[in-house]
Amino acid sequence: MKFIFLDRNAISCIKENLAGKKPDPEMLKRLRKLRQFDKESFIVSPMLSIIEGQIGKREDEEQKLNTIKVESAAVSDFFLHARTDSGFIEVAANEIANIFSENIEGNWVGYIDFLKVIQEMLYQSISKANRPKYKSDILQLAKKNNIPLAHPIVICCLAVLYGNNDVRSILKPKKNIAEDSKNKAAYNALNDILLISRLGHIQAVFNKYGNGRVVVEFLTFDKGLEFFLKKTKIIDIKLNDDGEVFITAISSQEFFPDLNESSHIALFDELREKS
């Protein structure tokens, strides 16, 4: 059994289709991909899109309830054969809205503050001569915001520093943007990067309580995010009795186009030493 979680852009495609929008070639391609999951062997869920929300910032309880109503109905109406969790989501809407409007990942403010500075720091490609200084600044900024140096947020920033344009499309760094735009860009990037831990958490729960018979997958039409998820390999997931999840993951050398194998190894040795 495969549990397919849909990204916000997949939900948007579904909503446009249900609203009768005439599809262009790209939309047709996306719809065909979505229809591949419309089979009884799949369970399809909008939950991760609901957690992120529709407005580019944290939603209050009323806004979250609206997101739940719109997105759960869209998934239920679009998929004719696959099972969905829309019924459960709608029944538990008030509880879900309360949970996800009130609760966020630990150190959320530190993550956002870190990304807002990074946006302007990495708005343009950094010359090889200046990369050691920028790397040092990134690591110092992470420590200032209580972020572990091997955290995916830090890895993504280092990936951009070393020439990764796929990950750059997640961070969307720009110079001199308005505060609202800066907050929205940081919010969107953070939600993308935290998908690793969110998906790992869900898989850990299924592994513990479902005997490992459910495989969790994520569907996105964002090429940068797809690259990030494919090239980050979760090698161990542990769920303790308190519901805490501990994830060990490794980033492919492909994250760092401008580093050779020895430089890639040296970078991660440095991260471990300075943590």
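Q: Which helix gives the largest share of the lining of the largest cavity?
A: α3, with three residues. This is a predicted model, where local features need pLDDT of at least 70, side-chain atom pairs count only at pLDDT 80 or more, and totals for chains, interfaces and linings use all residues. Residues are numbered from 1 along each chain as its sequence is written, and side-chain values use heavy atoms, without hydrogens and water.

Q: What counts as a cavity?
A: On a 1 Å grid over the protein atoms alone, a set of points where a 1.4 Å probe fits but cannot get out; lining residues have an atom within 4 Å of a point.

Q: What volume does the largest one have?
A: About 40 Å³.

Q: Which residues line it?
A: L6, D7, R8, L48, S49, E52, N191, L195, R198 and F218. They divide into four nonpolar, two polar and four charged.

Q: Switching to D85: where is that?
A: In the loop between β3 (83–84) and α5 (86–91).

Q: What does D85 touch, then?
A: F3, V44, S45 and P46, leaving aside residues up to four places away in sequence; contact means heavy atoms within 4.5 Å.

Q: Why does S86 count as buried?
A: Because its relative accessibility is 1%.

Methods
Helices (H or I, at least four residues) and strands (E, at least two) are DSSP runs, numbered from the N terminus. Buried means under 20% relative accessible area, exposed over 50%, partly exposed in between (1.4 Å probe, protein chains only). On a 1 Å grid over the protein atoms alone, a cavity is a set of points where a 1.4 Å probe fits but cannot get out, and a pocket is an open set with protein on both sides within 12 Å along at least five of seven lines; lining residues have an atom within 4 Å of a point. Grid points are joined across faces, edges and corners, and a volume is the space filled by probe spheres set on the points. Ala, Val, Leu, Ile, Met, Phe, Trp, Tyr, Cys and Pro count as nonpolar, Asp, Glu, Lys and Arg as charged, and the others, Gly among them, as polar.
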